[in-house]
Amino acid sequence: MEAASYLLRYLPPALLSLVTVALVAGLNHLLGPSVWAGRIAEPVEVLAYSVRTSGPVVFGLAFMVFFYGIDAVKDGYAFSKTACFASLVLLAVSIVVNIACLPKTGVGH
């Protein structure tokens, strides 16, 4: 019974974090060519970067945002609100860095 309660507590943030990684991969695919016009790498390389390199960072930060966000909505603790906000700021910064570090070709046009 205790294991089921942990599963119910951690499953929603984990699933939402997976969706966030998929959204960031889609964002990289759509936004990368417009930000780095003529210099962006192949779509497969961008997908690999999105999942393998930036995916774990985005997953971890998104998990903290959703975990503490759900806890803040449910219980309203000040620590949960502060941790959710700090994680949200870090997630926003990591997405900006993610876009800046997208794999590019060596040839600029």
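A helix axis here is a line fitted to C-alpha atoms over the stretch in contact, and angles between axes run from 0 to 180 degrees between N-to-C directions. With that in hand, α2 and α3 pack at an angle of about 45°, with their axes 4 Å apart. This is a predicted model, in which local features need pLDDT of at least 70 and side-chain atom pairs count only at pLDDT 80 or more, while totals for chains, interfaces and linings use all residues. Residues are numbered from 1 along each chain as its sequence is written, and side-chain values use heavy atoms, with hydrogens and water left out.

**α2 with α3**

- Sorted by class, the contact of α2 with α3 has four nonpolar, three polar and one charged residues. Ala, Val, Leu, Ile, Met, Phe, Trp, Tyr, Cys and Pro count as nonpolar, Asp, Glu, Lys and Arg as charged, and the others, Gly among them, as polar.

**α1 with α3**

- Helix α1 (residues 2-35) packs on helix α3 (residues 55-75) at an angle of about 135°, and their axes are 8 Å apart. That angle makes α1 oblique to α3.
- Among the residues making the contact are Ser 17 and Val 21 of α1, and Phe 59 and Phe 66 of α3.
- The contact of α1 with α3 divides into 15 nonpolar, three polar and one charged residues.
- Leaving out residues up to four places away in sequence, Ser 17 touches Phe 59, Ala 62, Phe 63 and Phe 66.

**α4 and Cys 84**

- Cys 84 sits in helix α4 (residues 78-100), where helices are DSSP runs of H or I with at least four residues, numbered from the N terminus.
- With a relative accessible area of 17%, Cys 84 is buried.
- Beyond residues up to four places away in sequence, Cys 84 touches Val 65, Tyr 68 and Gly 69.
- Buried residues of α4 include Ser 80, Ala 83 and Leu 91, and the buried residues of this helix pack against α1, α2 (43-53) and α3.

Definitions and conventions:
Helices (H or I, at least four residues) and strands (E, at least two) are DSSP runs, numbered from the N terminus. Buried means under 20% relative accessible area, exposed over 50%, partly exposed in between (1.4 Å probe, protein chains only). Contact means heavy atoms within 4.5 Å. Angles under 35 degrees count as roughly parallel, over 145 as roughly antiparallel, 65 to 115 as roughly perpendicular and the rest as oblique.
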